[in-house]
Amino acid sequence: MVGSYANGGSAAAALAAEEKLDELRRLLGKSDGDPLRVVGVGAGAWGSVFCALLQDAYGRHRDRVQVRVWRRAGRAVDRADAERLFEVINAREDVLRRLIRRCAYLKYVEARLGDRTLHADEILRDGFCLNMLDTPLCPLKVVTNLQEAVWDADIVVNGLPSTETREVFGEIGRYWKERITQPLIISLAKGIEASLDPVPRIITPTQMISNATGVPLENILYLGGPNIASEIYNKEYANARICGADKWRKPLAKFLRQPHFIVWDNSDLITHEVMGGLKNVYAIGAGMVAALTNESATSKSVYFSLCTSEMIYITHLLAREPEKLAGPLLADTYVTLLKGRNAWYGQKLAKGELTLEMGDSIKGKGTIQGVSAVNAFYELLSQGSLCVMHPETKKPVAPVELCPILKTLYKILIKRELATDSILQAIRDESMYDPRERIEMAQRQSLYRPSLLGLPKGDAKA
């Protein structure tokens, strides 16, 4: 079991984990005999790995903590994936022995031969995520009934795509109507929705969850960082930030921290959530540039400088003093542009190996959240009511007019008016601003629009 203290971890580390668990239990008012109930909602790669990390760290204390994962039942594993799964199992002696001990190996043999159909919830119980078959996890407790999974949860981890968050948490909200205490919710979702009526505003996953469930925003936090799920579970060193209200972010950062996964805390929830959505937008373009230029380091670095200046510009519309694009916030952007599923998707589109007609839910990858985010950000920033001053014409324009890469991605992915190679024209435009000028423009002009967050004009919250 990768990461398990039971398999060679130090006694000191195990003791430290026990102390962190007891401290969080005290803060949540848990009594002896009443375990801390942690439930992951959604079982994509990162959601599954996040719960597996907690299971590895705290699973030995079964009387004090329970970690469960909810995922929908019925998703069949096709023959090709069953064959791949069999290869992975037999390449890892520890996994093979574990399945034999659990009397679970035979079903994988039968599935490989086509004599049995496996299901995604079934293999997750054995430690295999359908979106990440090459990285076996620890066995997980999987529940397919949503009400059973969440009704008494103390901590809920949102591992759903942003496009599914509202619907699923709307259902959860109905189950929580009779709750006396409010749970804590950690959202891993990266994406936004745009609402244009009655005024343009952004809706982030934490806001979706609060609106759907009635849980106050101080109990809902966002965790983001340079996190490639398989690498983190294989103990590649990583860091992250958990963002939200003072009351909970520090104790949760301490609870989540592990020797190879350092979690810091930050108060700027909005900037981190918005950047979480924006990085997926621009990662698709990064993948296109990489494929179209044969991985040209120069072209990729030019794209990086231009897209990050657009990201910084956009965050100044949403926060009076946004968190600087540095540390884990910058690293999260970098790794997503380098290796995330959205960059992969952009590469495949540019190479002609995928088409837009195939949709944004891709076998073996899950939902490509950058596609819906492109549409949301474009719709939001093209509204005339949000006008900013154009630096050259000195005339009011919609903010999107100062974000040429976002405009190009919208025309490629949503309107389907341009081919993928148009992204190169966007970054090679001779009239393109120096990225520094766009950043200085954002800092110099009074761009902050509190109405975009649903706040009244002049509200100081950011």
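**View 1. The largest pocket.** A pocket here is an open set of grid points where a 1.4 Å probe fits, with protein on both sides within 12 Å along at least five of seven lines. In this predicted model, the largest pocket holds about 1300 Å³ of space. Its lining counts 49 residues. Closest to the pocket centre are Gly-44, Ala-45, Asn-131, Arg-341 and Lys-365. By class, the lining has 17 nonpolar, 18 polar and 14 charged residues.

View 2. Several elements give two or more residues to the lining, among them α2 (45-58), α3 (79-91), α12 (269-292) and α15 (341-351). The strands β11 (361-362) and β12 (366-367) are also included. α14 gives the most, with 4 residues. Domain 1 (10-74 + 141-267) and domain 3 (270-453) both contribute to the lining, so the largest pocket lies between them.

**View 3. Packing of α12 and α15.** The axes of α12 and α15 are 6 Å apart. The two helices pack at an angle of about 40°.

**View 4. The cis peptide bond at Pro-198.** Most peptide bonds are trans. Asp-197 and Pro-198 are joined by a cis peptide bond, with omega about 5°. Pro-198 sits in the loop between β6 (193-195) and β7 (201-203).

**View 5. The backbone at Asn-294.** Most residues other than glycine have a negative phi. Asn-294 has a positive phi, near 55°. This residue, Asn-294, is found in the loop between α12 and α13 (297-318).

How values were computed. Residues numbered from 1 in each chain as written. Predicted model: local features only at pLDDT ≥ 70, side-chain atom pairs only at ≥ 80, totals over all residues. Heavy atoms only, no water. 1 Å grid on protein atoms, 1.4 Å probe; cavity = no way out; pocket = protein on both sides within 12 Å on 5 of 7 lines; lining within 4 Å. Points joined across faces, edges and corners; volume = space filled by probe spheres on them. Nonpolar A, V, L, I, M, F, W, Y, C, P; charged D, E, K, R; others polar. Domains from an automatic or database assignment. Axes fitted to C-alpha atoms, helices over the stretch in contact; angles between N-to-C directions.
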